[in-house]
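Please look through the structure below before reading on. My notes follow as numbered points.

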Amino acid sequence: MSIRHATLHQLKIFAAVARHMSFARAAEELHLTPPALSIQVRQLAEAVGQPLFNQIGKKIYLTPAGEALTSACHDVLDRLEYFTQEIAALQGLEKGSLKVATLSTAKYFIPRIMGGFCTEHPGVATALFIGNREALLERLARNQDDLYILGQPPEHINVVAEAFADNPLVVVSRSDHPLASEKDLEPSRLRDAPFILREPGSGTRLAAEKFFEQHGVVLRTRMEFGSNEAVKQTVAGGLGIAVLSASTIHAELASGELVILDVRGFPLERKWYAVYPAGKLLSPIVRAFMGCLFAVSAHGEKEWRAQE
């Protein structure tokens, strides 16, 4: 039996199993019984001529042939989706799907942009995943989404990264912090200050640690959290200072809960990036959404600057 005899149905089933690394979860997603799904995967393996999965204990792992087929499945299924949307565009229709994964730091503006896009394109089925950097990089490596919104493109994955907006990082404290009224603070003045940090691997944390390391300062970590909200609440409680994206603190600055410390070298100028795997074909829908990112974010930046 040749791989040429493999069906599109089998490729979709295999892609689901490879994504979940679970026959049971893939069967549930595809509304198939596990035995029926297993038969299709076994027939596909016979067509390939090599096993696609190894089972160790209760876990399954992709074999080298399975890894290669996963990449091929992404190419085939992405190309078919692209073709479907091109045909819809030629017919003057708006059909298809858009899956975006964004850092939780960007949840303050990406959902609004996506909402505007949905209003303009009501026929497009959209999905938005919000998570931390580690979760997004895992999804990116598996090509689970159409687009990824990151503050720092990965170095270990071959991607295309297009900057679409500024993402300045600032040092914040409670309004009654002893340093709140001082100007042009040397970074060394923060040597003994307790810091509230994002989790290890966070892009915000990596940028902050790199900056202070360059100035001979080792951050004194009091607490670390996996969300900006937890960091902000802890700083507002007077337990330390933090480095955060300026886009996350508008409400707290307006209410007076937090203030921006005037630290020399800040704000750290960073960018927001639209990221996708190198070589990936972008559908007309994804290209249209990226156009919204560039257009709407440019207007949003002016608003952010006005509030600072």
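**Notes on the predicted model**

1. Start with Asn-167. Setting aside neighbours within four places in sequence, Asn-167 is in contact with Gly-151, Ser-245, Ser-247, Leu-268, Arg-270, Lys-271 and Trp-272. Bear in mind that this is a predicted model.

2. Where does Asn-167 sit? Its place is the loop between β6 (159-166) and β7 (169-174). Is Asn-167 buried or exposed? Asn-167 counts as buried, because its relative accessibility is 2% and buried means under 20%.

3. One of the contacts of Asn-167 is with Ser-245. The side chains of Asn-167 and Ser-245 are joined by a polar contact of 2.6 Å.

4. Turn now to helix α5, residues 110-120. Ile-110, Ile-113, Met-114 and Phe-117 are buried there. These residues cover an arc of only 95° around the axis, so they lie on the same side of α5.

5. Last, the surface. Leu-8, Val-76 and Leu-80 make a nonpolar patch of about 210 Å². Leu-80 belongs to helix α4, which spans residues 64-90. With a relative accessible area of 36%, Leu-80 is partly exposed.

How values were computed
Residues are numbered from 1 along each chain as its sequence is written. This is a predicted model: local features need pLDDT of at least 70, side-chain atom pairs count only at pLDDT 80 or more; totals for chains, interfaces and linings use all residues. Side-chain values use heavy atoms; hydrogens and water are left out. Patches are made of residues with over 30% relative accessible area and no salt bridge: like charges are joined within 9 Å, nonpolar side chains (Val, Leu, Ile, Met, Phe, Trp, Tyr) within 5 Å. Accessible areas come from the Shrake-Rupley method with a 1.4 Å probe; for residues, only the protein chains shown count as cover. A salt bridge is a side-chain nitrogen of Lys or Arg within 4 Å of a carboxyl oxygen of Asp or Glu. Helices (H or I, at least four residues) and strands (E, at least two) are DSSP runs, numbered from the N terminus. Buried means under 20% relative accessible area, exposed over 50%, partly exposed in between (1.4 Å probe, protein chains only). The arc is that of the directions from the helix axis to the C-beta atoms. A polar contact is a pair of N or O atoms within 3.5 Å; within protein, one must be able to donate a hydrogen and the other to accept it, and residues adjacent in sequence count only if both atoms are side-chain atoms. Contact means heavy atoms within 4.5 Å.
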